[in-house]
Amino acid sequence: MVGLIIIGDEILSGRRQDKHLVKAIELLNERGMALQWVRYVGDDPERITADIRHAVDSGDVVFSFGGIGATPDDHTRGCAARAVGQELRLHPEARELILARSREVAEQEGRGFDPESPDTQRRLQMGFFPEDAEIIPNPYNRIPGFSLLGRIHFVPGFPVMAWPMMAWVLDERHAEMHNQTRVCERAVIVYGAMEAALTPLMERIESGFAPVKVFSLPSVDHPVHGRHIELGVKGVGDVVDKAFASLLDGLNQHGASLGPTSVR
């Protein structure tokens, strides 16, 4: 399974809108993978540590977005170390990447590069990872992310960095998971029905075509369909088609007024 941890007070306060969830689902879907859970957490070290411990215990592949910089509100690196009982240390490859980036910045600004300057030393803080961490390359500015246990991956909060880093991890470290959980959804618009009246049919479909799941998305003011329910099934494999055919048959027997169908 795949989960996300999305970190930052700015998201919980509404100062910034989270964009990672939608993009992560897109990246997973492109590879025939699916997202099972997501957690949002503010810049609270105890809560971040608890969520990372949950990720460690879950056995899932987990992507954590945000909090790996070197400012006072960036706690993720230290929390990750505590969650796995390791010390933070300067990763040798991260050190070289950060120094190379710092040298580039100095040259672009027309000044000399001093590896011992306070600014450079602060940048190097971003390369302190738990002892057994593996780096995740950052194609935007070389400042890497890191992975733990081969399945828990920490990337920056900036989408321009985080999204290609997530794509790289999925392709380079989890290629064996591609197309293992490609979920298909089939749905139909049902006009004027009440969910309570359709619940027995939904229960019958789920019990008869497990592990297919039935979903019901009611709307009261849709600009095209008005008051309706989008009723459908989702799952893996040919059983989805069979479940959907049975769902349509049940709706017709119920006398439901049906609109267009969709496949996703």
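**Pockets, a sheet and a buried strand**

Modeller: Let's start with the second largest pocket: its lining has 9 nonpolar, 5 polar and 5 charged residues. Ala, Val, Leu, Ile, Met, Phe, Trp, Tyr, Cys and Pro count as nonpolar, Asp, Glu, Lys and Arg as charged, and the others, Gly among them, as polar. This is a predicted model, where local features need pLDDT of at least 70 and side-chain atom pairs pLDDT 80 or more, while totals for chains, interfaces and linings use all residues. Numbering runs from 1 along each chain as its sequence is written, and side-chain values use heavy atoms, without hydrogens or water.

Colleague: Which residues are closest to the centre of that second largest pocket?

Modeller: A pocket is an open set of points on a 1 Å grid over the protein atoms alone, where a 1.4 Å probe fits, with protein on both sides within 12 Å along at least five of seven lines; lining residues have an atom within 4 Å of a point. Here, A34, L35, V183, E185 and K234 are closest to the centre, out of 19 lining residues. The space comes to about 550 Å³, with volume taken as what probe spheres set on the joined points fill. Both α2 (20–30) and β11 supply at least two lining residues each.

Colleague: And what is the volume of the largest pocket?

Modeller: About 770 Å³. Its lining counts 32 residues, and G66, G67, P156, G157 and F158 lie nearest the centre. Two or more lining residues come from each of β1 (2–7), α1 (9–12), α6 (118–124) and α7 (159–173). By class, you get 13 nonpolar, 10 polar and 9 charged.

Colleague: You mentioned β11. In what order do the strands of its sheet stand?

Modeller: Strands (E, at least two residues) and helices (H or I, at least four) are DSSP runs numbered from the N terminus, and two strands pair if DSSP finds at least two bridges between them. In this case the order is β10-β11-β9-β12, an open sheet of 4 strands with antiparallel pairing. β10 and β12 (257–263) are at the edges with a single partner each, so one side of each has no neighbour in the sheet. On average, neighbouring strands are turned by 20 degrees against each other, direction ignored.

Colleague: How many bridges join β10 to β11?

Modeller: There are 8 between them, and L217 stands opposite E230 in β11.

Colleague: How many residues of helix α4 are buried?

Modeller: 7 of the 9 in α4 (76–84), so that helix is largely enclosed too. The buried ones are T76, R77, G78, C79, A80, A81 and A83. Next comes G85, with a positive phi near 70 degrees.

Key
Buried < 20%, exposed > 50% of the residue type's maximum accessible area, 1.4 Å probe, protein only. Axes fitted to C-alpha atoms, helices over the stretch in contact; angles between N-to-C directions.
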